[in-house]
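Subject: Handover of a structure

Dear colleague,

Please find below the sequence and the structure that I am handing over to you. My notes on what was found follow directly after them.

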Amino acid sequence: MFLGNSGAVALTQFIPCVTIEIGNSLLEKSPRKCNILTDKEAATFMKIGKVGVVGCGQMGGGIAHVCAQAGYDVVVSEISDEFLNKGLAAIEALLNKSVQKERITQEDRDATLARLKGTTDTGDFSECDLVIEATIENLDLKKKIFGELDKICPERTVLATNTSCLSVMDMAAATVRPDRVLGMHFFNPVPVMKLLEIIRTTATSEATLETARDFGESLGKTYVIVQDSPGFIVNRLITPQIMNAIRMIESGIASAKDIDTAMTLGVNYPMGPLALADLIGLDTVLFIANGIYDKLRDEQYAAPALLKKMVDDGQLGRKTGKGFYEYT
Ligand SMILES: NC(=O)c1ccc[n+]([C@@H]2O[C@H](COP(=O)([O-])OP(=O)(O)OC[C@H]3O[C@@H](n4cnc5c(N)ncnc54)[C@H](O)[C@@H]3O)[C@@H](O)[C@H]2O)c1
């Protein structure tokens with residue numbers, strides 16, 4: 001059944017599961033929700049086969065891990081062999097732990113690793129249907145990467161960013177395919193956290209959104225859709241709380257441990273705001289606060305001096321062994 005209708009505005013409605021036929025290809029859509037697509041949109045909606053991930057740090061490594069474990073062929077890139085080997089070793093260690101804890105079988109582990117290819121050559125993204133950028137939270141770098149990906153990847157490829165707070169439209173503007181650019185914001189640690197924020201810009205097409213929804217569900221994530229706006233939902237709400245907790249330490253109101261104990265036992269948070277900041281990485285927390293503050297000029301996002309000092313001193317939280325707490 002072909003639902004395209006030349007020149008028609010795309011409609012969204014709940015209808016039973018259908019199969020869309022385009023030329024010789026059949027594109028299955030879930031029974032949950034179907035969009036009536038224009039010809040152009042129908043031609044670009046697709047099932048993802050091969051996934052690219054740029055950056056194999058905390059988040060890129062986690063995203064590559066869950067994609068490979070869900071059955072996708074994955075290519076993940078880093079800036080050097082050293083960073084790449086470190087990132088891939090972290091994924092392997094996690095998979096080994098999952099085998100030990102009998103969460104997955106040895107065969108699952110081996111098959112996941114076999115689907116995962118590391119590279120330091122961006123040219124290796126040339127066959128990907130979806131590329132997710134997960135490098136550091138720096139807009140100039142991300143724009144540069146989007147410009148490069150746009151040239152390397154085929155027209156069909158959807159380009160996504162895992163940015164925590166930056167403008168997705170600014171990255172889309174570095175490409176000639178803004179309709180196929182969106183945010184896919186995973187949470188840390190990616191194999192554990194269920195949420196996926198899907199960020200749509202004013203240029204993101206319905207087909208691209210549908211591709212992202214479908215892909216997110218295939219990873220077992222629950223998605224929410226949010227407009228391209230500083231911090232999206234979670235970071236917009238949680239960042240002022242982390243900044244306030246740090247200001248409380250600066251003012252001597254309470255210790256990190258007591259602030260976190262108060263929020264875990266008093267509000268039923270699974271972890272307090274300072275333990276969360278250590279988990280995210282204090283450099284990333286600072287990038288996020290600055291990124292939102294630059295756009296909103298709202299004082300609640302202004303980074304306290306203590307946070308800046310800790311980042312300058314290389315106390316970045318769990319990833320460096322010291323932040324508000326010490327880690328062995
Ligand atoms: N840490 C979190 O809790 C969290 C959660 C959600 C989203 N994010 C976002 O995800 C992104 C990555 O964060 P992270 O915590 O994984 O940072 P990270 O520092 O752990 O990893 C970033 C990696 O990107 C690599 N990199 C830099 N430039 C590159 C390039 N040109 N090509 C390939 N790799 C490159 C770095 O070498 C590094 O290993 C950021 O945008 C961050 O805001 C972070």
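The protein chain contains an open sheet of eight strands in the order 7-6-5-8-9-10-11-12, with mixed pairing. Strand 7 and strand 12 (222-227) are at the edges with a single partner strand each, so one side of each has no neighbour in the sheet. Direction ignored, neighbouring strands of this sheet are turned by 25° against each other on average. Helix 5 packs on the sheet, where it touches strand 5 (50-54), strand 8 (130-133) and strand 9 (158-161). The direction of helix 5 makes about 165° with that of strand 8.

Please note that this is a predicted model, in which local features need pLDDT of at least 70 and side-chain atom pairs count only at pLDDT 80 or more, while totals for chains, interfaces and linings use all residues. Residues are numbered from 1 along each chain as its sequence is written.

The terms used here are as follows. Helices (H or I, at least four residues) and strands (E, at least two) are DSSP runs, numbered from the N terminus. Two strands pair if DSSP finds at least two bridges between them. Axes are lines fitted to C-alpha atoms, for helices over the stretch in contact, and angles run from 0 to 180 degrees between N-to-C directions. A residue is buried if 20 or more other C-beta atoms lie within 10 Å of its own, exposed if 12 or fewer, and partly exposed in between, with C-beta atoms placed from the backbone. Residues are in contact if their C-beta atoms, placed in that way, lie within 7 Å.

The chain as a whole

The protein chain has 12 helices and 12 strands. Of its 328 residues, 43% are buried. Among contacts between residues at least 6 apart in sequence, 65% join residues at least 24 apart.

One end of the sheet

Four of the five residues of strand 5 are buried, so this strand is largely enclosed by the rest of the structure. Strand 5 pairs with strand 6 in the parallel sense over five bridges, and Val51 stands opposite Val74 in strand 6. Strand 6 (residues 73-77) also pairs with strand 7 in the parallel sense, over four bridges. There, Val76 is opposite Gly118 in strand 7. Strand 7 (residues 116-119) has Leu116 and Gly118 on a covered face, and Lys117 and Thr119 on an uncovered one.

The surroundings of the ligand

There are 26 residues around the ligand, of which Gly55, Gly57, Met59, Ser164 and Asn188 come nearest. A residue counts as near if its C-beta atom, placed from the backbone, lies within 6 Å of the molecule or strand in question. Helix 2 (58-69) and helix 5 (139-152) are the elements that give two or more residues to this shell. Helix 2 gives the most, with three residues. By class, the shell has 11 nonpolar, 13 polar and two charged residues; Ala, Val, Leu, Ile, Met, Phe, Trp, Tyr, Cys and Pro count as nonpolar, Asp, Glu, Lys and Arg as charged, and the others, Gly among them, as polar. Domain 2 (50-227) and domain 3 (234-320) each supply at least three residues to the shell, with domain bounds taken from an automatic or database domain assignment.

Backbone features to check

Most residues other than glycine have a negative phi, and most peptide bonds are trans. The peptide bond from Asn188 to Pro189 is cis, with omega near 0°. Pro189 lies in the loop between strand 10 (181-186) and strand 11 (195-200). Glu102, in the loop between helix 3 (81-100) and helix 4 (106-114), has a positive phi near 60°. Glu102 is exposed, with 7 other C-beta atoms within 10 Å. Phe232 also has a positive phi, of about 55°, and is located in the loop between strand 12 and helix 8 (234-250). Phe232 is buried, with 22 other C-beta atoms within 10 Å.

The segment after helix 12

Gln315 is in the segment after helix 12 (305-312). With 18 C-beta neighbours inside 10 Å, Gln315 counts as partly exposed. Not counting residues up to four places away in sequence, Gln315 touches Leu282, Met310, Thr320, Lys322 and Gly323.

With kind regards

How values were computed:
Contact = placed C-beta atoms within 7 Å.
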